[in-house]
Amino acid sequence: MRPRFLSAALGPLCLLSGCVLDMPQSQEEEPAPIARIDGAPIFHNEFEAYVRFMQGDLEEELDSEASTGLFREFLFSRLLVREARRLGVTAGQKELEELVATWEARAVPLDQEMRDELYRYLISVKLLKQEALQGVEVSLQEMQDYYGVHAEQFQVGDQARVREILVPTREEAEHVLEELGDGDLNRFRALAQEYSLGATAERGGDLGYFERGQLPPAFEEVIFSLKPGEIGGPVESESGFHIFALEEWIPGHVQRFYEVQEEIFARLVADKERGRMEAYLKRLYCESTIEVYDASLRRELEEIHCDGKETNP
């Protein structure tokens, strides 16, 4: 859903702004900046730290190949943070700690540098919501028009609605089959509630709808050989012995509009949000004075066109 150069704004990536890492430097050998935003220098070690953060490797030095294609994301992340600070957009400590907790849950090492980057991410997301994403609307006509053009994308295969009774032994399975007799689905539901060990027992063994390829082959061999109302099994698995009933068979078809309306709405909202963010980030870029001194980095900005503006040293 998101364009390449927006990933720094939409995922938990490193969003740096105006900071120079505390690296020991010789006063006689002041490093030259790789770029400037409105006169503020950007140094290579800042960009390198951003790349390490994105790659999830905060300790190893990365070669230039690892950072290929990331400078545009880095530059846009810097623009977002600068604008957030200019407008006074902030995030509370509780918000930061909640985000930190999600990272710690994934066993990501968190030092102060990373916490700072997560904070910058938070204020950037807030800025986007405040300045770019408010008031996104999708009309019913837009959804219907989208469905008319993309109806083939909503094709579904043959579907089987399946019920199950799971018991621990073959003997119990044979006993249940005897009680089912000729295969009354109402009786099947009742016996599922009485005997089944499965999580769906309270729902009469209702497993829902499945297409081919979604169930274990041994299950599908039985289920897709049944006709609606028929019962098959038992089929052995690690969980026990399964008896299946085919309650409904729906041939492959294009889903109707009402079935996919929510999905279409989500798609159109995402498209509009992406367009707004692209426009907003481009505006920030075009309203800033950007100087990039490295030709290879400058090439990553060639697709961004501003009237009467070039990105050159």
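Biologist: Which side chains do R78 and E46 bring together, and in what kind of contact?
Modeller: The side chains of R78 and E46 form a salt bridge, 3.1 Å from N to O. This is a predicted model.

Biologist: Is R78 buried or exposed?
Modeller: R78 is buried, at 2% relative accessibility. E46 is buried too, at 1%.

Biologist: How many salt bridges turn up in the whole structure?
Modeller: The search finds 15. One of them joins R163 and E247, at 2.3 Å from N to O.

Biologist: Which strands hold R163 and E247?
Modeller: R163 sits in strand 4 (residues 159–167) and E247 in strand 7, so this pair ties together parts 84 residues apart in sequence. Both R163 and E247 are buried.

Biologist: Which residues are linked with R163 and E247 in a network?
Modeller: R161, R189 and D206 join R163 and E247 in a network of salt bridges.

Biologist: What about R267 and E263?
Modeller: Their side chains meet in a salt bridge of 2.8 Å, N to O. Both residues lie in helix 10 (residues 257–286), four residues apart, about one turn of the helix. R267 is partly exposed at 24% relative accessibility. E263 is also partly exposed, at 37%.

Biologist: New topic. How many aromatic pairs are there?
Modeller: Eight, from a search of the whole structure. F47 and F71 make one of them: centres 5.5 Å apart, planes at 90°, so edge-to-face.

Biologist: Where are F47 and F71?
Modeller: F47 is in helix 2 (residues 44–55) and F71 in helix 3 (residues 71–86). The pair links distant parts of the chain, 24 residues apart. Both F47 and F71 are buried.

Biologist: And F224 with W249, what geometry?
Modeller: Their ring centres are 5.8 Å apart and the planes stand at 80°, so that pair is edge-to-face. F224 is in the loop between helix 9 (217–223) and strand 6 (231–237), while W249 is in strand 7 (residues 240–250).

Biologist: How accessible is W249?
Modeller: W249 is partly exposed, with a relative accessible area of 31%. F224 counts as buried, at 12%.

Biologist: Which residues form an aromatic cluster?
Modeller: F47, F71 and F74 form one.

Biologist: Last one. Which residues gather in a patch of negative charge?
Modeller: E171, E172, E174 and E178 do, on the surface. E178 belongs to helix 7 (residues 170–180). E178 is exposed, with a relative accessible area of 66%.

Terms used
Residues are numbered from 1 along each chain as its sequence is written. This is a predicted model: local features need pLDDT of at least 70, side-chain atom pairs count only at pLDDT 80 or more; totals for chains, interfaces and linings use all residues. Side-chain values use heavy atoms; hydrogens and water are left out. Rings of Phe, Tyr and Trp (its six-membered ring) pair if their centres lie within 6.5 Å; planes under 30 degrees apart count as stacked, over 60 as edge-to-face and the rest as tilted. Helices (H or I, at least four residues) and strands (E, at least two) are DSSP runs, numbered from the N terminus. Buried means under 20% relative accessible area, exposed over 50%, partly exposed in between (1.4 Å probe, protein chains only). Patches are made of residues with over 30% relative accessible area and no salt bridge: like charges are joined within 9 Å, nonpolar side chains (Val, Leu, Ile, Met, Phe, Trp, Tyr) within 5 Å. Accessible areas come from the Shrake-Rupley method with a 1.4 Å probe; for residues, only the protein chains shown count as cover. A salt bridge is a side-chain nitrogen of Lys or Arg within 4 Å of a carboxyl oxygen of Asp or Glu. Lys and Arg count as positive and Asp and Glu as negative; His and the chain ends are not counted. The place of a charge is taken as NZ of Lys, CZ of Arg, CG of Asp or CD of Glu.
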